[in-house]
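Trainee: I'd like to learn how to read a structure like this one. Could you walk me through it, one feature at a time?

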Amino acid sequence: NYNAVLVENRRLFNEVQELKGNIRVFCRIRPFLPGQKEKNSIVQYIGENGELVVANPSKQGKEGHRQFKFNKVFGPASTQVEVFSDIEPLIRSVLDGYNVCIFAYGQTGSGKTHTMTGPKESTKETWGVNYRALNDLFNISQSRKSSLTYEIGVQMVEIYNEQHTLGILTQSQPSGLAVPDASMHAVTSTADVMELMETGLRNRAVGATAMNERSSRSHSVVTIHVRGMDLKTSTSLHGNLHLVDLAGSERVDRSEVTGDRLREAQHINKSLSALGDVIFALAQKSPHVPYRNSKLTQLLQSSLGGHAKTLMFVQLNPDMNSFSESLSTLKFAERVSGIELGAARSSKEGRDVRELMEQVASLKDTISDKD
Ligand code: ADP
Ligand code: MG
């Protein structure tokens, strides 16, 4: 019986590997904040191969148990360094001419900005993906200096109510990458860029509280343009890296909001589902990819699909008060990843998935002890 479990587990794992392709979905669970109680966690099990079991602790028994499978699950104790180490190869590939999009999806307060930017008073230790990526790109481009020269440009765009505003644009040399309507700044280091980003944010016409409020209702897109020139052959290559902190995915009760708030909610809904549809179509290798349904997917079209690589961070708040929101986040993620191994399988087999996976885990321990 144990053997059958192992075989089954391996089969599932292989199935997932085959489906992976150029689209990856990582789940990240943020830690409990002061005042939240850990016994209220919805997280039941995190597996090494991206398994996640959630349940509502306020419900009795096995009710509400759901199993998900992603490319990787980062638990609440995961650090910025660990998270980045798993995406570093993607960042490097931009310098080889690939287009890469990295998204953070989840309800407001689930840790999207923490993952992408890091905390407010960020130190190098707590830097998010954005700064680590830039730092890497600068460092690696420097180390290739003898054979390749790179130009690196940075652009920040905010998409609010399906309209986008150009924030700042920076680039390492004042020639080349032409993007209108934005001031140009030469940058050669991550520190330069951080300073500019902060200035850019400060210069926005809204106060800090309004900023936070609004940031949860707009998509923030940082685009890093890379152009490389091979000194020997004079051939050039281009790569783009898009780092996207999406608007909060929480559902808004239509009976309670009107006016601007309702319009915002509708725009967010539209663009997130358009994004979901695009990634789903790509994961299915569908001949038609519906890029045109939102500003966000139009803006990112050239970097989604083809040889481009897409990574989505699915952010979760582990508190049971957010259970239903978390479930809908997980279902969205499950759909876009094209990997659906959840409830259907577990209910069909009528087994407690958590028990099963714990068996597999302990079995693995036994086996590796023997090796
Ligand atoms: P979002 O951008 O999804 O609205 P935030 O990134 O602002 O969420 O996170 C909400 C709160 O949780 C913030 O106070 C943030 O500092 C904290 N937080 C989120 N993720 C982590 C983490 N991995 N470690 C420590 N604190 C975190
Ligand atoms: Mg945020």
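Mentor: Let's begin with two helices that touch: G276, I279, F280 and A283 in α8 meet F332, R335, V336 and S337 in α10. Two residues are in contact here if their C-beta atoms, placed from the backbone, lie within 7 Å. By class, this contact of α8 with α10 has five nonpolar, two polar and one charged residues. Ala, Val, Leu, Ile, Met, Phe, Trp, Tyr, Cys and Pro count as nonpolar, Asp, Glu, Lys and Arg as charged, and the others, Gly among them, as polar. Keep in mind that this is a predicted model, in which local features need pLDDT of at least 70 and side-chain atom pairs count only at pLDDT 80 or more, while totals for chains, interfaces and linings use all residues. Residues are numbered from 1 along each chain as its sequence is written, and chains are lettered from A and ligands numbered from 1 in the order in which they are written.

Trainee: At what angle do the axes of α8 and α10 cross?

Mentor: Two packed helices are described by the angle between their axes and the distance between the axes. The axes are lines fitted to C-alpha atoms, for helices over the stretch in contact, and angles run from 0 to 180 degrees between N-to-C directions. Here, helix α8 (residues 259–283) and helix α10 (residues 323–337) cross at roughly 35 degrees, with axes that come within 7 Å. The labels follow DSSP runs, numbered from the N terminus: helices are H or I with at least four residues, strands are E with at least two.

Trainee: How many residues does α8 have, and how far does the helix reach?

Mentor: α8 has 25 residues and reaches 36 Å from first C-alpha to last, close to the expected 36 Å. That expected span is 1.5 Å times one less than the number of residues.

Trainee: Which residues of α8 are buried?

Mentor: Count C-beta atoms, placed from the backbone: a residue is buried if 20 or more others lie within 10 Å of its own, exposed if 12 or fewer, and partly exposed in between. In α8 the buried ones include H267, I268, L272 and L275. Among the elements covering the buried residues of α8 are β1 (23–29), β9 (219–230) and α10.

Trainee: What about strands? In what order do β2, β3 and β4 form their sheet?

Mentor: Strands pair if DSSP finds at least two bridges between them. The open sheet runs β2-β3-β4, with antiparallel pairing. β2 (43–46) and β4 (66–69) are the edge strands, each pairing on one side only. Four bridges join β3 (residues 51–54) to β4, and V53 stands opposite Q67 in β4.

Trainee: Last one: how many residues surround ligand 1?

Mentor: A residue is near a molecule if its C-beta atom, placed from the backbone, lies within 6 Å of it. For ligand 1 there are 14, and the closest are R30, G111, K112, T113 and H114. Helix α4 (residues 112–116) gives the largest share of that shell, three residues. By class, the shell divides into three nonpolar, nine polar and two charged.
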